[in-house]
Amino acid sequence: MNQTNSKRIFSEALKLMPGGVNSPARAFGGVGGTPIVMDRGEGCFLFDADGNRYIDYVLSWGPMILGHQHPKVNAALNAAVARGTSFGAPTLAENRLAELVISMVPSIEKIRLVNSGTEATMSAIRLARGYTGRDRIVKFIGNYHGHVDSLLVAAGSAAATLGAPNSPGITRGTTADTILVPYNRPELAEAVFHEFGPTIAGIIVEPVAGNMGCVPGTSEFLKTLRKLTKDYGSLLIFDEVMSGFRVAKGGAQEYYGIIPDLTTLGKIIGGGLPVGAYGGRAEIMDYVIPVGKVYQAGTLSGNPLATAAGIATLSVILEDPRSFYDQIEQKTTMLANGLEKAAKDFKIHASVQHIGGMITIFFLGNEDTRIDHWDAASRCNKDLFAKFFWKLIEKGVYFPCSQFETMFLSTAHTEEIIEETIEKVRESFAEITGRTGF
């Protein structure tokens, strides 16, 4: 496959940007080689700078649940551009997007729009501290909540530890009030609350983890977190930047039937444009300035383009939400079944995990049968994943460039496209293993 233009453009980028990228997830650090420079998207396809076509399972890391260039989203954006791109003043579109989100997400009575998932989680944590008058936040190993200083922490040797910075530029004081706990281990969360409970402002958790691959929280785990926060007067924050509107109309909280105090959103809420949001009970949200004293602001928050794309995307979902999510679930299950059978046929030790429109194939360590926390994920065969990734690239299939990222499906992925993907997976496994399969 010719990638001459991609390589040339990326070579130029290396001179202009750190690592040639504006986000490290694009740098291909987990698979090696040169990142592919994309030129355009259409439906479930991406086209690179050399004109090569790829079936896209990254979908801009989740937002494009309708696929690229959905006609209703494009029409909404064109209409919004014609009126102006930013006013720094209230707009009717902000009301409309807020109304849609509040109608869909069980926990949200009031909402504040921001510009990214990172802003949303940072603001929700500040609000939890301001509302409770406490300092400590519990975070789970393997969960990612954006590049918030206090959450960029590394675990110590203990099962549950106070965090230490894992990035230069972050002071120890910034992370001193962050407690790290293994994911999906309710007994360890209980132990932390027994020791620190009265000082804990809140828990922030991905109910469906997406940054160690797709790792759904167990019902027992999430119910334990809900009980602990209620018992100790802390707030439960669901980070649904990734799972929001993707695993169900009301997100993972609807799927599990667990209502958090605060929810952070991003990705789908903006239909592919930069956006984020946090929301929850009105009583808590009214602690935010200008009603309350918890400070948060943003010049471009709720800008007309992001709100237009978000309204269009959520409106499509609401045309027939049951059918919409049944369709996404069925397609994801079809892909999962095809990946599982291919791995079995070619005697590859793997596990496929999926929920809603999120899915990951894990090339397991020898001792593991599935992944439910970071320690197990970290044992996966990353070298095998890298080989698999590049085989698929050669065949026109674009999977995430890391074993620890999640794949996504859209309504634009047809059964025929998924069948084609599975066939390309089988061809790749055959070339990697030298086996013929069945």
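**Close-up 1. Pro290 sits in the loop between α9 (282-285) and α10 (304-319).** Helices here are DSSP runs of H or I with at least four residues, strands are E runs of at least two, and both are numbered from the N terminus. The bond to look for joins Ile289 to Pro290: this peptide bond is cis, with omega near 15°. Please keep in mind that this is a predicted model, in which local features need pLDDT of at least 70 and side-chain atom pairs count only at pLDDT 80 or more, while totals for chains, interfaces and linings use all residues. Residues are numbered from 1 along each chain as its sequence is written, and side-chain values use heavy atoms, with hydrogens and water left out.

**Close-up 2. Asn184 and Lys347 have positive phi values without being glycine.** Asn184, in the loop between β9 (178-182) and α6 (186-196), has phi near 60°. For Lys347, phi is about 55°, and its place is the loop between α11 (321-345) and β16 (350-355). Are these residues buried or exposed? Asn184 counts as buried because its relative accessibility is 5%, whereas Lys347, at 57%, counts as exposed. Buried means under 20% relative accessible area, exposed over 50%, and partly exposed in between, using a 1.4 Å probe and protein chains only.

**Close-up 3. Strand β3 (residues 53-56) pairs with β2 and with β18.** Two strands pair if DSSP finds at least two bridges between them. With β2 (residues 45-48), the pairing is antiparallel and runs over three bridges; Leu46 has Tyr54 of β3 as its bridge partner. These two strands form a hairpin with four residues between them, and in the turn Gly51 has a positive phi of about 90°. With β18 (residues 397-398), β3 pairs in the parallel sense over two bridges, and here Ile55 is partnered by Val397.

**Close-up 4. Gln403 is a buried residue in the loop between β18 and β19 (407-408).** Its relative accessibility is 3%, which is why Gln403 counts as buried.
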